[in-house]
Amino acid sequence: MDMIAIDIGNSTVNLSVFVKEQMSPAEHLGLAEQGRLGEVLARFRGVCGPQPLGARTVPVVVSSVNRKSLAVVEAAVLKGLDQRVLLVGREVPLGMKLAIENPETVGTDRLLTAAAAYEVVQGAVVVADFGTATTIDCVNEQGIFLGGVIMPGLHLAARSLKDYTDALPLVEPAVPEFEIGINTQMAIESGIYYGAIGALRELVERYATTLGKWPQVVLTGGYAELIAKKCDFADSLAPDLCLSGLYLAYQQYQAAQEAQEQG
């Protein structure tokens, strides 16, 4: 069965459609662009062929860390496709084993990206998600999510320098021309950019000590491509890994439903 995947973040809504197990290029809508949801959903539904057993609907599977945007997406799916979404953590369970406190408080996006990375690596892996916030999470050799860290994202760090100082300008995250800033703007660029890479390197080294081996390092999120330009120790780049995680979670959910019906 084909599937529409929607990852609702703090500042973007990311969508893709899986047709015959192949993911289409993702769409990224800023919060101010949510009026386009109906158009994108209709286009995605249009590329899906006849479904197994004559199913009328194509599942719309959602992960969300933004409650207001979730309500907008649910309304758009109901209006445009005449169906309800399947929300990860509500209708669709997460199959990943967790070794953390209060698992119900962990963002489903973190767990989905971790599960998707482990599915490919099949070994110890660190997933660094560079979005509104930066999260750097660790999965061990057995596929158990061990937790990680949450830090301000690149834009959030830049914004805080502007908002909480008297004279510093707002600087858009970019690859610095020089490592040592020769003016204020370059100094901020270098601090934010290389600070993020340095934090990632430090954490991967510490995770490796805990794991007893050096893990694979996967970059994802909106700023992942930017970070990858100078992050020489990253193994792979998958900007829309959460969408792949949604597809994996739905496959596991569907398999469990079929096994239950047969049993």
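Mentor: Two strands pair if DSSP finds at least two bridges between them. Keep that cut-off in hand. The model is predicted.

Trainee: What makes S9 and S10 a pair?

Mentor: Seven bridges join S9 and S10. The cut-off is at least two, so S9 and S10 pair. Their sense is antiparallel. Thr-134, for one, stands opposite Met-151 in S10.

Trainee: What does the hairpin of S9 and S10 have between its strands?

Mentor: Four residues lie between the strands, and Gly-143 takes a positive phi near 80°.

Trainee: How do you know that S7 and S10 pair?

Mentor: S7 and S10 share two bridges. The cut-off is at least two, so S7 and S10 count as a pair. They run in the parallel sense. Lys-97 stands opposite Ile-144 in S10.

Trainee: What makes S8 and S11 a pair, and in which sense do they run?

Mentor: Five bridges join S8, residues 125–130, to S11, residues 216–220. At least two are needed, so S8 and S11 pair. They run parallel. Val-125 has Gln-216 as its bridge partner in S11.

Trainee: What makes the contact of H4 with H5 nonpolar, polar or charged?

Mentor: In H4, the residues are Leu-154, Ala-157, Ala-158 and Leu-161; in H5 they meet Ile-188, Ile-192 and Ala-196. Leu, Ala and Ile count as nonpolar. The tally is therefore seven nonpolar, no polar and no charged residues.

Trainee: At what angle do H4 and H5 pack, and what is the handedness of the crossing?

Mentor: The angle is about 145°, with axes 10 Å apart. H4 passes H5 in a right-handed crossing.

Trainee: How do you know which residues line the largest pocket?

Mentor: A lining residue has an atom within 4 Å of a pocket point. For the largest pocket, 33 residues do so. Gly-9, Thr-12, Asp-129, Gly-131 and Thr-132 are the closest to its centre. The volume of the largest pocket is about 700 Å³. Elements that each supply at least two lining residues include S2, S4, H3 and H7.

Trainee: How do the lining residues of the largest pocket divide by class?

Mentor: There are 11 nonpolar, 16 polar and six charged residues.

Trainee: What lines the second largest pocket?

Mentor: It has 14 lining residues; Ala-116, Ala-117, Val-120, Leu-241 and Ser-244 are the closest to its centre. H3 and H7 give two or more residues to this lining. By class, nine are nonpolar, three polar and two charged. The volume of the second largest pocket is about 250 Å³.

How values were computed. Residues numbered from 1 in each chain as written. Predicted model: local features only at pLDDT ≥ 70, side-chain atom pairs only at ≥ 80, totals over all residues. Heavy atoms only, no water. 1 Å grid on protein atoms, 1.4 Å probe; cavity = no way out; pocket = protein on both sides within 12 Å on 5 of 7 lines; lining within 4 Å. Points joined across faces, edges and corners; volume = space filled by probe spheres on them. Axes fitted to C-alpha atoms, helices over the stretch in contact; angles between N-to-C directions. Left-handed = near helix turned anticlockwise from the far one by under 90°. Contact = heavy atoms within 4.5 Å.
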